Amino acid sequence: MNLNNLAMIEEQNLRLREENELLRRALSETDCGYRLIQQRDEFAKLIDFGKTIVAELNINKIFALVAEKARELISAELLIIPIIDANRETYTYLAAAGPGSADILNATLKIGVGMCGWVLQNERPLLFGESDEWWMDEKTRWEKGQQSALLVPLMGKKQIIGGLSGIGKVGGGSFSVHDLDVLTLFANQVSAAIENARLFQEGELKSNALTISNQRLQEEIQERLQAEAALAAERERLAVTLRSIGDGVIATDTEKKIVALNKIAEELTGWSLHEALGRPFEEVFQIINEQTRQSREHPVDKVLTSGQIIGLANHTILVAKDGTERSIADSAAPIRDEKSRIIGVVLVFRDVTERNRIEKELHKVQKLESVGLLAGGIAHDFNNILAAILGNLSLSLLDKGLSGRTRDFLREAEKASWRARDLTQQLLTFSKGGAPIKEVSSLDEVIKDSANFVLSGKQVTCQFSFSDDLWLVEIDKGQISQVIQNIVLNASQAIVGSGIISIACCNAELREESKFIGPREGKYVKISIRDNGSGIPASVVDKIFDPYFSTRKEGSGLGLAITHAIIAKHGGQIYVTSELGVGTTFTIYLPASSKSETSAQEQVALSPVQRKTNILIMDDDEMLRDVAKAMLTSLGHEVMLAADGNEAIEVYKKSGNTIDLIIMDLTIPGGMGGKDAVGEILKLNPAAKVVVSSGYSNDPIMARFGEYGFCAALVKPYQLSDFTKVINQLIQ
Amino acid sequence: MNADKAIDVTGKVCPLPLITMAKEVRTMQKGQVLCIVGDDPIFEESVIDFCREGAHELLEAHREGKRVTILFQV
Ligand SMILES: Nc1ncnc2c1ncn2[C@@H]1O[C@H](COP(=O)(O)OP(=O)(O)OP(=O)(O)O)[C@@H](O)[C@H]1O
Ligand SMILES: [Mg+2]
């Protein structure tokens, strides 16, 4: 745009303004013209005010502006703005302009009270003035000198929101209908602005509230997330704890559905957590009474009905998913929430199969030991008496002049005495801490001989099945023979008529993992002795190893008790399985030896004495001394006697090294026994051959005689063959 | 009838008499009697409405020309 143009516009504007002023003056000369100008000014103001107000969004500023501008428009002394409250029962003067406005501001009145109340209630303008637009009755008719009032409603989009009220025309007089029109126009213009501002304010409030509540929500979410994380951590910790507990733990809800199951519980029940979750408790935790094999009352039911902690009854067996049975001990307790309401049940249980077994074993051993103590006392004397009887019997039998009949009687007497000796020996096995006199040996010979010996002349056949390279064992052959004899004898007694006993022997290497009930890991030789006899009722199977338990009329009930004791003393174990009417199997595990079978091969065949030997016998029992002397003399030996250790040493000194062999009693009541005397004799002659003898075959010294300086051990009562064996072994 | 309090709002026009009266009532105890005198043409009407809406018992009202005296129990 060029400067010329601009100057032209300026000029034009100026001219127009001048024209305008001229016209104004001309118009104001006439009454009608004056009014026109006035109206035009009013409208200009109206539009101007309207713009100002509409542009404003702050509600308080709007009210103040409206009051001020409206007062100006209608030249009112006082302009007040009543606005209907949210309850729509009262109204409050939210704005006022003019003298005394402070008294009015924020005053609240009921709708229907006062002139404003009338306008708000009727939603109509009110002019209290000369034009009589409103009166209520004669007394409210406006009179000159009275203050005039002009009120118009402020109409919102849907309903009336308040009013504009002018009180007193500036300079006295009355408001006119024209004032009413102007104020109505103004009210219409600003009501929208007021409503918008109020809506905006509300909206702002709301959005403020929204922001705040949004924040709270965020915080809450944060809190919840934290709580959740804490909960998850807690859960994890609990899960780890639960997993680490050495006992089985199962938790249920009140419906008896499984909600938790730890690792041990998984193992014992055979159910995985995954499978078990949500399942009925009874399905996973099947328990029966060990003796009756009936299902037991479920602890969970009891807890839910009683609300108390309960222990599980004894003899409870848990049947796992795969049918495995385990003795368990447990307790169940209610799970309560913080309000102490029962929300489930927790069950804690453990496998006590092994513990029960060990307890039973211990019990048996204790019983045997007490019996042994009792038996030991009598058995010792009894043994000595038997030795005398047996000695004399064998001496009598050496007499060539005996008649055939007498010889038979004596043989019978001898047989009975042997039986008596065996019984005494059995009793002595029980007595004080006796270790078997062990030697490295193979088992097959001992087993076969013992079994055949028992079964000779019976209608029972014995089948042997032995692995080829059986490991050697360290055994007291006499005792193991006794074991086999006892078991085979029982088996034959359980068979009515003819039957079969099978004896099998094999190597067994047990590892820790092998879960079956058995001895600890290691190398064993396993002996099983099976019969097809009557079988043992389940109700008594637990008792057969007890001393004096017998179902046979003539039974002493000691056979299996002794068997058990012998196997235990060999570091082995014995088990029984039996089925009524089918048969019984005894299984024995004996620890395999790491040594080779040297002593077993060194065994010297029995042969008659080659030369005369000088033998010194030391024993406190005179009867026994005499019998021994007679037996040895009959074998062609020279015998000297001593009653105790001191005497034996004296005799030995005097003999001047002519004594080839000394047989000494291990202990002499009130005197020096063989145990002490052997040292003295070896001092005199380190090459002296001293044999220990005792009725206690299981005395540790008898088992480890070499360590005490003896060359051999002899178990009383003596047999001729025993003497022969020892002499042949020691005197070459 | 004796009033516990008396106020004069003569010369004042609506809503000032009402506002003045409402303020006064708030300072008084229930059961006390307020006497109010006014000359606004709508005064009598307004006080009667005020008493009805606020459940105040109207005791007395009398007019001397434009001057109206009203007694009511707060
Ligand atoms: N193979 C078997 N078959 C059936 N029952 C058996 C068998 N072995 C043992 N028993 C039962 O165990 C009980 C105890 O046996 P044990 O050998 O201890 O004593 P016993 O044989 O009765 O008497 P003893 O052996 O002292 O003469 C027997 O009475 C019998 O009831
Ligand atoms: Mg028996």
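## Chain B

Chain B contains 2 helices and 4 strands; helices (H or I, at least four residues) and strands (E, at least two) are DSSP runs, numbered from the N terminus. Read from the N terminus, the elements of chain B follow the order β-α-β-α-β-β. The model is predicted: local features need pLDDT of at least 70, side-chain atom pairs count only at pLDDT 80 or more, and totals for chains, interfaces and linings use all residues. Residues are numbered from 1 along each chain as its sequence is written, chains are lettered from A and ligands numbered from 1 in the order in which they are written, and side-chain values use heavy atoms, with hydrogens and water left out.

Of the 74 residues in chain B, 50% are buried; buried means under 20% relative accessible area, exposed over 50%, and partly exposed in between (1.4 Å probe, protein chains only). Contacts (heavy atoms within 4.5 Å) can also be sorted by separation in sequence. In chain B, 66% of the contacts between residues at least 6 apart in sequence join residues at least 24 apart. Chain B exposes about 3,600 Å², with 48% supplied by carbon and sulfur atoms; accessible areas come from the Shrake-Rupley method with a 1.4 Å probe, and for residues only the protein chains shown count as cover.

## Chain A

Chain A has 21 helices and 25 strands. Its length is 732 residues, of which 42% are buried. Among contacts in chain A with a separation of 6 or more, 62% are between residues 24 or more positions apart.

## The interface

The size of an interface is often given as the accessible area lost when the parts come together. Here chain A and chain B bury about 1,800 Å² between them, 69% of it on carbon and sulfur atoms; buried area is the accessible area (1.4 Å probe) that two parts lose on being put together, summed over both.

There are 0 salt bridges between chain A and chain B; a salt bridge is a side-chain nitrogen of Lys or Arg within 4 Å of a carboxyl oxygen of Asp or Glu. The interface does hold 1 residue pair in polar contact, both at pLDDT 80 or more. A polar contact is a pair of N or O atoms within 3.5 Å; within protein, one must be able to donate a hydrogen and the other to accept it, and residues adjacent in sequence count only if both atoms are side-chain atoms.

## Salt bridges within the chains

Side chains of opposite charge can pair when their charged atoms come close. Over all chains, the whole structure has 19 salt bridges. One of them joins A:R341 to A:D337, with the closest N and O atoms 2.8 Å apart. A:R341 is partly exposed because its relative accessibility is 47%, whereas A:D337 counts as buried at 16%.

A:E707 and A:R704 also form a salt bridge, at 3.3 Å from N to O. A:E707 is exposed at 59% relative accessible area, and A:R704 is partly exposed at 38%. In chain B, the side chains of B:E53 and B:R52 form a salt bridge at 3.4 Å, N to O; B:E53 is partly exposed at 30% relative accessibility. A network of salt bridges links A:K256, A:E282 and A:D301.

Is A:T269 buried or exposed? A:T269 is buried, because its relative accessible area is 0%. This residue belongs to helix α7 (residues 263-269) of chain A. A polar atom of the A:T269 side chain lies 2.7 Å from the backbone oxygen of A:A265. Beyond neighbours within four places in sequence, the contacts of A:T269 include A:I250, A:V284, A:F285 and A:F349.

A:A703 lies in helix α20 (residues 700-703) of chain A and is buried at 15% relative accessibility. A:A703 and A:A713 are separated by 10 residues in sequence and by 8.0 Å in space, C-alpha to C-alpha.
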